[in-house]
Amino acid sequence: ERDRVIKNAQKMGIDIEHSDPVGEWVGFRPCRPTSRLEVDEEVSSTSDGVRVVHSYGYGGSGWTVFVGAAREAASLMQSR
């Protein structure tokens, strides 16, 4: 995987010869059987004007769906 990342960086024009990696890490992308994108009515109805929207559980697909999920979450925040 590291070799693929370096090759892709080179393709994008990053000068690997003068850009030594300072470390490596692996991201943990938690997922659920189904993702959650909804208003928490229980919390929202008892809070003083606070509306709680949950948006999580996308796993590795989060990079693919984050724009749509964020737009939907914003829409849920604005709806009453």
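**A partly exposed phenylalanine**

Mentor: Phenylalanine 66 is partly exposed, with a relative accessible area of 48%. Here buried means under 20% relative accessible area, exposed over 50%, and partly exposed in between, with a 1.4 Å probe and protein chains only. This is a predicted model, in which local features need pLDDT of at least 70 and side-chain atom pairs count only at pLDDT 80 or more, while totals for chains, interfaces and linings use all residues. Residues are numbered from 1 along each chain as its sequence is written, and side-chain values use heavy atoms, with hydrogens and water left out.

Phenylalanine 66 lies in helix α3, residues 62–78. Helices (H or I, at least four residues) and strands (E, at least two) are DSSP runs, numbered from the N terminus. The chain has three helices and two strands, in the order α-β-α-β-α from the N terminus on.

Glutamate 1, by contrast, sits in the segment before α1 (2–11) and is exposed, at a relative accessible area of 65%.

Now the whole chain. Buried residues are 16% of its 80 residues. The C-alpha trace spans about 55 × 25 × 20 Å along its principal axes. Of the contacts (heavy atoms within 4.5 Å) between residues at least 6 apart in sequence, 41% join residues at least 24 apart.
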